[in-house]
Amino acid sequence: MKYFLLAASRSTHTYKMTTTEGGYIHTFGPELPAMFDGVKLAAVATILYIIVRCLNLKSPTAPPEIIYQDTLLSHYLLKTCPMLTKEYIPPLLWGKSGHIQTVLYGKMGRVNTPTPCGVRMFLPMQDGATATFDLFETIGAHTTGDDITMVICPGIGNHSEKNYIRTFVDYSQRQGYRCAVLNHLGALPNVELTSPRMFTYGCTWEFGAMVGYIKRTYPQTLLVVVGFSLGGNIVCKFLGENQSNQDRVLCCVSVCQGYSALRAQETFLQWDQCRRLYNFMLAENMKKIILSHRDSLLAMQCSNIGDGELNRLYAATSLMQIDDSIMRKFHGYDSLREYYEKESCVHYIHKITVPLLLLNSLDDPLVHPSLLAVARTLAEKMPNVIFALTQHGGHMGFFEGAVLFPQPLTWMDKVIVEYTNAVCRWEKKQSICQSSSE
């Protein structure tokens with residue numbers, strides 16, 4: 001038996017071969033280990049590049065881009081609401097990724113979420129539906145001494161029990177605001193439908209019923225209207241539908257809405273920024289909500305929903321397919337295009353005359369940048385509108401923090417309250433000036 005021994009000299013880093021009898025073996029020089037080191041270095045560099053790109057680490061922080069008319073009101077609001085003109089600084093390691101901000105909002109909502117104590121109200125509607133909202137009384141007095149109620153409309157399929165709503169309500173209560181939060185029709189898992197319809201993209205009936213109740217119950221209260229995502233579309237449409245809807249309204253804030261449902265759904269079919277994937281995930285969530293009321297929708301005699309519509313619902317992979325097979329039929333629209341045109345605030349928002357703050361993020365993966373032209377044009381033409389566009393924040397994220405861990409309150413929570421406080425002080429000064437001049 002012949003053995004071949006391969007030894008390495010530690011001092012010279014070369015490889016030697018020793019043999020007994022017979023053949024030889026081939027040895028490798030120093031090139032191969034060097035090649036392996038190069039591959040490792042390239043792999044590490046590639047991973048770091050992907051991390052930097054995905055987390056958008058090289059993107060600088062900056063103040064929001066502000067579009068507004070040169071008016072006394074705008075100057076006052078920007079001066080007394082400094083968060084709109086200062087840098088928004090997200091958590092260093094992941095806060096510059098719109099995807100991570102959006103996913104954290106969707107899965108976690110907020111951190112250290114409080115549990116505000118409220119009362120659930122039930123309002124019978126003319127068509128047999130039952131609107132519900134949760135009412136949270138103020139914890140402290142408002143700085144102006146006035147009675148002010150925030151009427152809040154959450155995002156798609158959301159309600160008062162969502163973490164981001166609870167965090168915002170608790171913070172607003174402590175700043176002296178009473179809060180009324182609409183629960184979208186059909187969104188609460190333990191509340192049955194009493195009519196053959198659910199919430200839709202732009203139906204304002206339930207929100208209008210809640211606002212009417214607040215006005216009747218608290219005749220001295222002033223209103224601040226707040227809408228998140230889909231809720232932003234609903235509140236802007238509500239205020240623009242009828243001038244009387246703006247009575248006793250101090251201001252309106254809309255966060256992360258897309259302004260035009262027709263244009264938004266077209267962009268939702270694109271893979272850019274993974275919007276098609278988000279579309280699928282939102283569609284799956286909507287299917288669960290609708291199917292949780294399957295028996296109620298099928299049992300009611302005047303329902304426009306039958307087995308055929310539900311079969312198409314099961315096969316749906318996008319919001320457009322769900323809207324076409326189910327949602328538009330709740331209000332008898334003949335086509336999907338008619339549904340989107342009639343339910344979008346884009347045809348009503350220019351009729352709003354109270355101070356209006358439109359908040360969006362440039363890295364929102366759900367709202368295509370082209371949709372923001374509506375808000376930009378509006379702010380350029382209307383003296384009551386301010387459009388604030390942040391570089392980061394994702395869809396409804398806007399987390400703040402140092403390096404890794406986010407703070408319980410987000411930039412969004414604080415800027416909404418700061419803006420509304422500024423409007424309240426402006427209106428207080430105006431009323432004092434009018435009283436003194438009389």
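Modeller: Happy to; we can go from the overall picture to single residues.

Colleague: Is this predicted or experimental, and what pLDDT does the protein chain average?

Modeller: This is a predicted model. The protein chain has an average pLDDT of 89, and 87% of its residues score at least 70.

Colleague: Where does pLDDT stay under 50?

Modeller: That happens over residues 1–21. The model does have 31 contacts beyond four places in sequence for that stretch, but the pLDDT there stays under 50.

Colleague: Okay, and the fold? How many helices and strands are there?

Modeller: The protein chain has 14 helices and 11 strands. Of its 438 residues, 52% are buried. Looking at contacts with a separation of 6 or more, 76% of them join residues 24 or more positions apart.

Colleague: Switching topic: I'm curious about Cys236. Buried or exposed?

Modeller: Cys236 is buried, at 0% relative accessibility. You'll find this cysteine in helix α6, which covers residues 230–241.

Colleague: And which residues does Cys236 touch?

Modeller: Leaving out residues up to four places away in sequence, Cys236 touches Cys252, Ser254, Gln257, Cys345, Tyr348, Ile349, Ile352 and Leu356.

Colleague: Now charges. How many salt bridges does a search of the whole structure find?

Modeller: The search finds 19. In one of them, the side chains of Arg120 and Glu161 meet at 3.0 Å, N to O. That pair links distant parts of the chain, 41 residues apart: Arg120 is in strand β4 (residues 119–124), while Glu161 is in the loop between β6 (148–153) and α4 (163–174).

Colleague: Why would side chains like that pair up at all?

Modeller: Side chains of opposite charge can pair when their charged atoms come close.

Colleague: How accessible are Arg120 and Glu161?

Modeller: Both count as partly exposed: Arg120 has a relative accessible area of 24%, and Glu161 is at 39%.

Colleague: What about Arg312 and Glu309, how far apart are their closest N and O atoms?

Modeller: They are 3.6 Å apart, in a salt bridge. Arg312 and Glu309 are 3 residues apart in helix α10 (residues 307–315), so about one helical turn separates them. Arg312 is partly exposed at 45%, whereas Glu309 is buried at 14%, because buried means under 20% relative accessible area.

Colleague: Which residue does Lys342 form a salt bridge with?

Modeller: Its partner is Glu338, with the closest N and O atoms 3.5 Å apart. Lys342 and Glu338 sit 4 residues apart in helix α12 (residues 336–343), so here too the separation is about one helical turn. Lys342 is partly exposed at 42% relative accessibility, and Glu338 is partly exposed with a relative accessible area of 24%.

Key: Residues are numbered from 1 along each chain as its sequence is written. This is a predicted model: local features need pLDDT of at least 70, side-chain atom pairs count only at pLDDT 80 or more; totals for chains, interfaces and linings use all residues. Side-chain values use heavy atoms; hydrogens and water are left out. pLDDT is the predictor's confidence in each residue, from 0 to 100. Contact means heavy atoms within 4.5 Å. Helices (H or I, at least four residues) and strands (E, at least two) are DSSP runs, numbered from the N terminus. Buried means under 20% relative accessible area, exposed over 50%, partly exposed in between (1.4 Å probe, protein chains only). A salt bridge is a side-chain nitrogen of Lys or Arg within 4 Å of a carboxyl oxygen of Asp or Glu.
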